[in-house]
Amino acid sequence: MAVMAHILIIEDEPVTRATLASYLDAQGYAVSQAETAAEAEKVLEEQEVDLLLVDINLPGKDGLQITREQRAKSEMGIILVTGRDDEIDRIVGLELGADDYVCKPFNRRELLARLKNLLRRTEDIRRLSRRIYKFGKFQFDVAARHLQTAGGGSIPLTRAEFEVLDMLVSRAGEVASRDALMNRVTHRQYGGSPRTVDVLIRRLRGKLEDDPANPRLITTVHGEGYVFTAPLA
């Protein structure tokens, strides 16, 4: 089962906060609530949050300050909740790094559509920027071209092995054809034998799998190619 995104609602009006939390919970999202910036910061310290839904007009530290502070250290999605007469605040909020805003009173279905679109965009950004993958007992640092065990032991990879593993891991759950993998290895549109990929997969399984004859990390999809099936952390 896919893990749903975690949304933190920062809203000082109890009825609005509870109603919104109930609605998003019913849509399958993990929801946390905070009345103040201090409560929100405690949640952010203890849990991973994918999206902030924050009211601009909070007592004490307001939504604009929260947006500025969180954007300085995170790429999480941020949607501001504003009053219809807060045009200047909306503009300032977007300049500070908010991704979107909704005006009170808002249509819940419209808000849900905005949430879904923003979560898709932020997930795409995370995929593109992710450079270190953890799976099983391994850590794969793409930028450093380094594969190591949880105990810190280094596992040498040839350039071709690295290219194949990089492509499979970066597209985890998607089937990569032999031709696509071969093109990645050779960096040419044509040339080379796709059977070379089978050899590289066999070598990678020898380095990664507990039982290479019954692989659980790199799986064969007969007639199509290979897919990386280990969960990534």
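Reply: Helices here are DSSP runs of H or I with at least four residues, strands are runs of E with at least two, and both are numbered from the N terminus. This is a predicted model, in which local features need pLDDT of at least 70, side-chain atom pairs count only at pLDDT 80 or more, and totals for chains, interfaces and linings use all residues. Residues are numbered from 1 along each chain as its sequence is written, and side-chain values use heavy atoms, with hydrogens and water left out.

Me: Why are H6 and H7 called oblique to each other?

Reply: The axes of H6 (residues 159-170) and H7 (residues 178-186) cross at roughly 130° and come within 9 Å. Angles under 35 degrees count as roughly parallel, over 145 as roughly antiparallel, 65 to 115 as roughly perpendicular and the rest as oblique. H6 and H7 are therefore oblique.

Me: What makes the contact of H6 with H7?

Reply: Contact means heavy atoms within 4.5 Å. Residues making it include Val 164 and Met 167 of H6, and Leu 181 and Arg 184 of H7.

Me: How many cavities of 30 Å³ or more does a search of the whole structure find?

Reply: The search finds one. A cavity is a set of points on a 1 Å grid over the protein atoms alone where a 1.4 Å probe fits but cannot get out. About 40 Å³ of space lies in the largest cavity, a volume being the space filled by probe spheres set on the points.

Note on methods:
1 Å grid on protein atoms, 1.4 Å probe; cavity = no way out; pocket = protein on both sides within 12 Å on 5 of 7 lines; lining within 4 Å. Axes fitted to C-alpha atoms, helices over the stretch in contact; angles between N-to-C directions.
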